[in-house]
Structures are given as C-alpha cells and as structure tokens.
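Thanks for coming, everyone. Let's take a quick look at some side-chain contacts.

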Amino acid sequence: MKHNIDVNAKADAKEGIFGLPFSEDEAQVVYLPVSWDVTTSYKIGTHKGPRAIRQASPQLDLFDLDCVDPFRAGLYLRSESRFLLGLNKKMRPLAEQIIQASEEEVARSKALQKVLAQVNRASQEVNRWVYDESKKLLAKNKMPVVVGGDHSSPLGAIRAYAEKFPGMGVLHFDAHSDTRRAYMGFQYSHASIMYNVAQECAGVSKIVQVGIRDFCEAE
C-alpha cells in the first residue's frame with residue numbers, strides 16, 4: 001500500500017513512530033521495544049525508553065540531505081510487551097537486593113544467591129524473547145531494530161542476526177566497553193553485553209568499539 005506522506009507537514013502523533021501510517025505488514029523496519037532495566041547499577045528508568053522515543057518521534061523531520069526518503073521503506077514500532085513490562089517490574093526489586101549488598105554478603109547468603117539466580121533466569125527469558133521475535137522478523141525479510149531498555153537488551157537480536165548473516169561484525173559506540181563478566185553476579189548485566197556477544201554469538205566475527213573511555217582492569 002502506498003501512502004501519501006507530506007514531509008513538510010506536521011506529523012500526526014496519532015499515527016505510528018515518527019507520525020508515519022505504516023502497519024507492521026507494510027514496514028520493512030520493525031522496532032522491537034525492550035522495556036528492561038533490571039540490572040542497571042546506577043539508576044533505573046531506561047525501561048521507559050521505548051515509550052519516550054515513541055512520544056518524541058513526531059518531532060523529527062523526515063527530510064534528509066543524504067538519504068532520500070528512507071522512511072518510505074516503512075517504519076513501524078510495536079506496542080510494548082506486557083510480558084517484558086511485568087517481568088521488569090517484578091525483577092527490579094529483587095535485583096536491588098543484590099545491587100545494595102556486597103559481594104561477600106551475597107557469597108555468604110543462600111537467600112541472596114537464590115534471588116540472584118531468579119534475576120539471571122529472568123534475563124535469559126528476555127534474551128530468548130528478543131531472539132525469537134527478531135528471528136521471526138528476519139524470516140520475513142524485515143529488519144528488527146531493538147529499542148531499549150538498558151545495554152543488555154539487544155543480545156537476542158544480535159544472535160538472530162549472526163545466525164542469518166554469519167561472519168558479520170558488531171560496531172559498538174559507547175563510553176564503556178561492557179565486557180565485564182557477570183557484573184555483580186548478573187550474568188546478563190548491562191555491563192556485560194559485549195562479553196556475552198563474544199561468548200554466545202558464534203556468527204559474529206569481530207566487535208569494533210568506538211568512543212570507549214572507561215573500563216576496568218579485568219576488561
């Protein structure tokens with residue numbers, strides 16, 4: 001279906017992302033909201049990212065000097081997953097117990113170790129959900145784009161892409177290298193995303209990091 005889109009007009013906030021009228025079936029690019037920030041070690045709030053991006057997106061001009069009307073390929077943002085929102089709300093208070101404790105306290109406490117295991121299992125569920133949804137979209141020759149959420153959010157999507165395009169590389173722009181191993185015991189920490197890509201995404205041939213200014217000795 002062709003849509004009459006005026007790039008000079010005010011975007012319709014009642015339409016989809018960027019005020020565009022595409023459905024998911026029409027869209028070549030499908031944004032996956034991943035409302036997840038359970039393991040963030042400083043402040044929470046990134047789980048609200050997809051909603052904030054959706055609300056602000058109609059303020060962006062569609063005209064671009066370098067790319068002529070790329071939006072005509074079709075862009076669509078899915079609704080937030082109730083499953084992810086509910087899991088995030090349930091798991092964040094548990095993760096806070098680990099974040100507030102010392103490593104020694106966690107090591108001595110069977111109760112805290114049980115809590116940590118719960119959070120790690122929940123993170124695996126999120127990764128599996130992102131992987132499954134990304135794989136389905138790739139099978140339809142669509143481009144899934146993860147909208148987070150904290151830095152751990154795209155692992156499942158990277159895995160799905162690497163299976164379809166083996167030998168691909170990952171270009172990672174960040175101030176931190178995010179190559180810590182199970183930071184604070186969280187196997188899928190926001191600070192471990194690139195470590196996990198290297199360990200779990202066999203189809204990724206290289207990771208190139210740009211802008212890194214902060215990393216720990218182990219990294």
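Is R72 buried, exposed or partly exposed? R72 counts as partly exposed, because its relative accessibility is 40%. Keep in mind that this is a predicted model.

R72 has a partner. It forms a salt bridge with D69, and the closest N and O atoms are 3.2 Å apart. D69 is partly exposed too, at 26% relative accessible area.

Now the other salt bridges. The structure holds nine salt bridges. One of them joins R78 and E24, at 2.8 Å from N to O. That pair links distant parts of the chain. R78 is in the loop between β2 and α2, E24 is in the segment before β1, and they are 54 residues apart.

R78 also bridges to E133, again with the closest N and O atoms 2.8 Å apart. E133 sits in helix α4, 55 residues from R78. Both residues, E133 and R78, are buried. Shared partners join E24, R78, E133 and K136 into one network of salt bridges.

On to the rings. How many aromatic pairs does a search of the whole structure find? Two. In the F18 and Y31 pair, the ring centres are 6.3 Å apart and the planes meet at 75°, so the pair is edge-to-face. F18 lies before β1 and Y31 lies in strand β1, so the pair ties together parts 13 residues apart in sequence. F18 is buried at 15%. Y31 is buried at 14%.

Y161 and F165 are stacked, 6.4 Å centre to centre, with 25° between the planes. F165 is partly exposed, at 42%.

Last item: the charged end of R159 sits over the ring of Y131, 3.8 Å from its centre.

Conventions:
Residues are numbered from 1 along each chain as its sequence is written. This is a predicted model: local features need pLDDT of at least 70, side-chain atom pairs count only at pLDDT 80 or more; totals for chains, interfaces and linings use all residues. Side-chain values use heavy atoms; hydrogens and water are left out. Rings of Phe, Tyr and Trp (its six-membered ring) pair if their centres lie within 6.5 Å; planes under 30 degrees apart count as stacked, over 60 as edge-to-face and the rest as tilted. Helices (H or I, at least four residues) and strands (E, at least two) are DSSP runs, numbered from the N terminus. Buried means under 20% relative accessible area, exposed over 50%, partly exposed in between (1.4 Å probe, protein chains only). A charge sits over a ring if NZ of Lys or CZ of Arg is within 6 Å of the ring centre and within 35 degrees of the ring normal. A salt bridge is a side-chain nitrogen of Lys or Arg within 4 Å of a carboxyl oxygen of Asp or Glu.
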